[in-house]
Amino acid sequence: MNKFIFGIAILMLTGCTEQALKNQNSHGLIYCAEANPVSFNPQITTLGSTIDLTSNQLYNRLISIDANTGEFLPELAKSWEISKDRKKITFDLREDVQFHQTDYFTPTRNFNADDVVFTFSRLFDAYNPYHFVGGGQYPYFQSIGLDQLIKSIIKESDYRVSFELFDAQSSFLSNIATDFAIILSAEYAKNLEISETLENLDNYPVGTGPYKFKDYKRDILIRYYKHEQYWKHPVELEQLVYDITPNSTTRIAKMLTHECDVTPHPNSSQLSILASRTDITVQKETNLNIGFWAFNTQKAPFDDSRVRRALAHAIDIEKIMHAVYLDNGKRLESILPNTSWAYQAQVNMPNYNPELARRLLQQAGLIEGFKMDLWAMPVARIYNPNARKMAELIQSDLKKIGITVNIVEYEWNTFIKKLEEHAHDTVLLGWSADTPDPDNFFSPLLSCAAALNGKNAANWCDPEFDLLLSKALDTIEIEQRKEFYFQAQQMVIQELPLLPIAQGMRFQASSTNVENIEIKSFGGVSLAKARKR
Amino acid sequence: MALEYIFRRIILLCFMLLLLSIFTFSLSFLFPGDPLNNLSGVQNISFHESDALSEKYKLGHSILTQYFSFIERISHGDWGISFASQEPIFDHIVALFPATLELALYALLASIIFGIPAGITSAAYYKKWPDKIINTLTLLGYSTPVFWLALLMIMFFCLQLGLLPMSGRVSLLYEIPDVTGFILIDILLSDVSYKFNAFIDAIKHLLLPTIVLSTYPTMVLIRFTRDSMLEVLEKNYIKTARAKGLSRSQLIFRHALRNALLPVIKQIGLQFSTLITLAMITEVIFSWPGIGRWLIDSIYQRDFPAIQGGLLAVSTFIILATVTADLMHSLFDPISRNQTHGKI
């Protein structure tokens, strides 16, 4: 009887609300996000899941990179000039840019040079009151050594600002164009100083981007409203809501019931379900990324390169390509994806050879085998759509050479936090590029600076390698840079602090009535122009 | 007499709460890691913070002092901060608990509305076809695991038919300010143009979780009502009434019902603990933002202060609910007050 009554109730309800919901729907977009943001300030994280939610939606940068041509494009800076010795870069700023007006802040002036000076001095100047707020860690900038590079930032006039560098570094502009180098409001920061709530700068964001912050409920949602005075173009959506849904199956189910309009990173195995629907489109984009298996090189037995090589020889990557990437990925032949201009296929790349693996283990005195932890990411990323499955495959491969693998999983943000403390033995992780510059695959991942701030999952620090990287950055001669990066690639594959596995494709599913979502081959997603038909 | 009974119950309640608090307190030492981290929720304790925190949590003192300071903090609402969010746990609980309570209350209401009449019908038509049908359905409902039922419902109503949403309390595009934490009341209190639509939408969101969650208690209530009704119908005074020539409806509604419902009322109170347990599973499956989902997420994230706080809140609530139900029952049924020993 109760089923019957409920049945009738359902029929009645669906009849009268369809239209009403549609009206509300056309003004807002729901994006199913994979994880809580760790912060609303992209300066203090390198997590792709957080960047996707914040960077392009709330903020702007001085310049950006054209995804197709690789050229720099003006954003908040109208134009820029580089001095002859390339140690001074001067930006001319736009004058018509307004910051968000929110419940907690009302701007009294437009964007100007003070904001640029404040934003960057927070990163590099220990005397800036905000420098140590939120831990004082700026992982991206520290791992590429930008804090050692910038000598001073000078306000030339209200709309002109120049950066003086210690060295001429060829990747400086592309680093200024990454999703991390967003511009904060100096006026807002001053206000917070007065009310002594400095940490709100990162939790209640104010930027110049297309959307402004309204509300955040952990594990539930983030709500943005449109920024009425956005300088670049009118924003079509009234509301942008992120539905925080860590489980990828649930995300797909929500796509099917239209509770989500957009979801990033559907699993390869779910693509066929999505493809069979006429109301859902799947975007596919090649992406500059690498999925890898990193060994904690400070921990025995992984401090022995023979052991690392043995592990690399013991796993069957072909099987992984098939089962995890469902043949939607490219097997890596180096630490760089082959679309990078500095790419060189490595002859030394370990192939599947359990016999050799056993021999290497014998040389290392570990023929008895050992136990190890393998950390698998709990979320799907472009570079690794299903780390759990990959971990299981590796587990069964390693069992054949006598190594017992214990798979470890944590919630994503906890996972990253523990990883930064180098609590792991080995980890399945990856990296999506933020700029097309090849340095982006080396410095943030394997430099000593990155080992110090925890972003170097291999915990590997080799001064010789660091020297190679800085040499490559000291010149703008492409041929010379290539030469250095070839050497760096050889070194990585020789030492194997991490084993590059595959390059994944970026997928994004959206309802067919949603348009203009930009996904690029590097960096985060942009919903600035998104609209609903 | 009644006062003495109530007094006994309250003593029992205090004893239960004492045991619970001791258990919760000891958790911070039983969990892996440093008790100071587990108690405070601060993860990377710097050197100078360490002393201040140790003093606050009386870690240098005897275990008894530590326990009393724990009780003092708990009663002041200082439950430590969560590892995962670095926000006070008490705030999380206050924000999330109403959602669970709301779901559980609606489910309980649904099971009373459907369970009791069904039970009475079943007893009235003992061993006839309505009884057989209800019995079969009850058996079916009893033996269906709640997570499986939930998934089936989602498969059918959400994914196949596309009639109902499968997650959350209301479409996220409706912005409803939190006042009471009960979504339906909040919508009615809110000052938005889409009030009516939001209300309907919230009902649609409620429907499946409520059905799923109410299944088990409904079945329990049907069986209980039926059994107790049958028992009462066997009593001599009923037989007498029947011999006097009363009709079946007179018999049931005038004479049998009141007596038959007494044990059922007690059962309703006892169902609350089962309900909260089942609500956790339901919340996870329907992404219902309640305390159960939060607790399970916390377990997954090894968020020890949160697990501790969540357990304390949920258990305290269940103990209170059970004792209240028991007291209510004794109000209706004077005989039960004569028990010499308290029990829960």
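**Note on the predicted two-chain model**

1. **Helix H19 of chain A.** The model is predicted. H19(A) has 18 residues, which should span 26 Å at 1.5 Å a residue. Its end C-alpha atoms are 26 Å apart, so the length agrees. The buried residues of H19(A) are A:Arg481, A:Phe484, A:Tyr485, A:Ala488, A:Gln489, A:Val492 and A:Ile493. H16 and H18 of chain A are among the elements that cover them. After H19(A) comes A:Leu496, with a positive phi near 50°.

2. **Helix H18 of chain A.** The same check works here. H18(A) covers residues 463-474, and its 12 residues should span 16 Å at 1.5 Å a residue. The end C-alpha atoms of H18(A) are 16 Å apart, which agrees. Which residues of H18(A) are buried? They are A:Asp466, A:Leu468, A:Leu469, A:Ala472 and A:Leu473. These residues cover an arc of only 155° around the axis, so they sit on the same side of H18(A). An α-helix has 3.6 residues a turn, so residues three or four places apart point the same way. The face of H18(A) turned away from the buried side carries exposed A:Pro463, A:Glu464 and A:Leu467. Cover for the buried residues of H18(A) includes helix H16 (439-446), helix H17 (448-452) and helix H19 (478-495) of chain A.

3. **Nonpolar core.** The largest nonpolar core holds 222 residues. Those with the most contacts inside this core are A:Tyr31, A:Ala294, A:Leu428, A:Leu498 and B:Leu275. Helix H9 of chain B (residues 195-233) gives the largest share of the core, 16 residues. Take A:Leu498 as an example. Leaving aside residues up to four places away in sequence, A:Leu498 touches A:Phe292, A:Trp293, A:Ala294, A:Phe295, A:Ala457 and A:Ala458.

4. **Chain B overall.** Chain B has 13 helices and 0 strands. The C-alpha trace of chain B spans about 85 × 55 × 40 Å along its principal axes. Of the 344 residues in chain B, 38% are buried. Among contacts in chain B with a separation of 6 or more, 70% join residues 24 or more positions apart.

5. **Interface.** How many residues of chain B are in contact with chain A? There are 29, and they meet 30 residues of chain A. On the side of chain B that touches chain A, helix H7 (146-160), H9 and helix H12 (291-300) of chain B each supply at least two residues. H9(B) gives the largest share of that side, 7 residues. By type, the residues on this side of chain B are 18 nonpolar, 7 polar and 4 charged.

6. **Backbone points to check.** Most residues other than glycine have a negative phi, and most peptide bonds are trans. The peptide bond from A:Ala300 to A:Pro301 is cis, with omega near 0°. A:Pro301 lies in the loop between strand E13 (289-295) and helix H11 (305-314) of chain A. A:Asp219 is not a glycine, yet has a positive phi of about 65°. A:Asp219 sits in the loop between strand E8 (211-217) and strand E9 (221-226) of chain A. It counts as partly exposed because it has 18 C-beta neighbours inside 10 Å. A:Asn516, also a residue other than glycine, has a positive phi near 60°. Its place is the loop between strand E20 (514-515) and strand E21 (531-532) of chain A. Is A:Asn516 buried or exposed? A:Asn516 counts as exposed, because it has 12 C-beta neighbours inside 10 Å.

7. **A:Ala186.** A:Ala186 lies in helix H7 (residues 186-195) of chain A. It has 21 C-beta neighbours inside 10 Å and therefore counts as buried. Not counting residues up to four places away in sequence, A:Ala186 touches A:Asp114, A:Asp115 and A:Phe118. The C-alpha atoms of A:Ala186 and A:Val206 are separated by 9.9 Å, with the two residues 20 residues apart along the chain.

8. **Confidence.** Chain A has an average pLDDT of 88, and 95% of the residues score at least 70. Residues 11-17 of chain A stay under 50. For that stretch the model has 7 contacts beyond four places in sequence.

Definitions and conventions
Residues are numbered from 1 along each chain as its sequence is written. Chains are lettered from A and ligands numbered from 1 in the order in which they are written. This is a predicted model: local features need pLDDT of at least 70, side-chain atom pairs count only at pLDDT 80 or more; totals for chains, interfaces and linings use all residues. Helices (H or I, at least four residues) and strands (E, at least two) are DSSP runs, numbered from the N terminus. A residue is buried if 20 or more other C-beta atoms lie within 10 Å of its own, exposed if 12 or fewer, and partly exposed in between; C-beta atoms are placed from the backbone. Two residues are in contact if their C-beta atoms, placed from the backbone, lie within 7 Å. A nonpolar core is a set of buried Ala, Val, Leu, Ile, Met, Phe, Trp, Tyr and Cys residues joined through C-beta atoms within 7 Å. Ala, Val, Leu, Ile, Met, Phe, Trp, Tyr, Cys and Pro count as nonpolar, Asp, Glu, Lys and Arg as charged, and the others, Gly among them, as polar. pLDDT is the predictor's confidence in each residue, from 0 to 100. The expected span of a helix is 1.5 Å times one less than its number of residues. The arc is that of the directions from the helix axis to the C-beta atoms.
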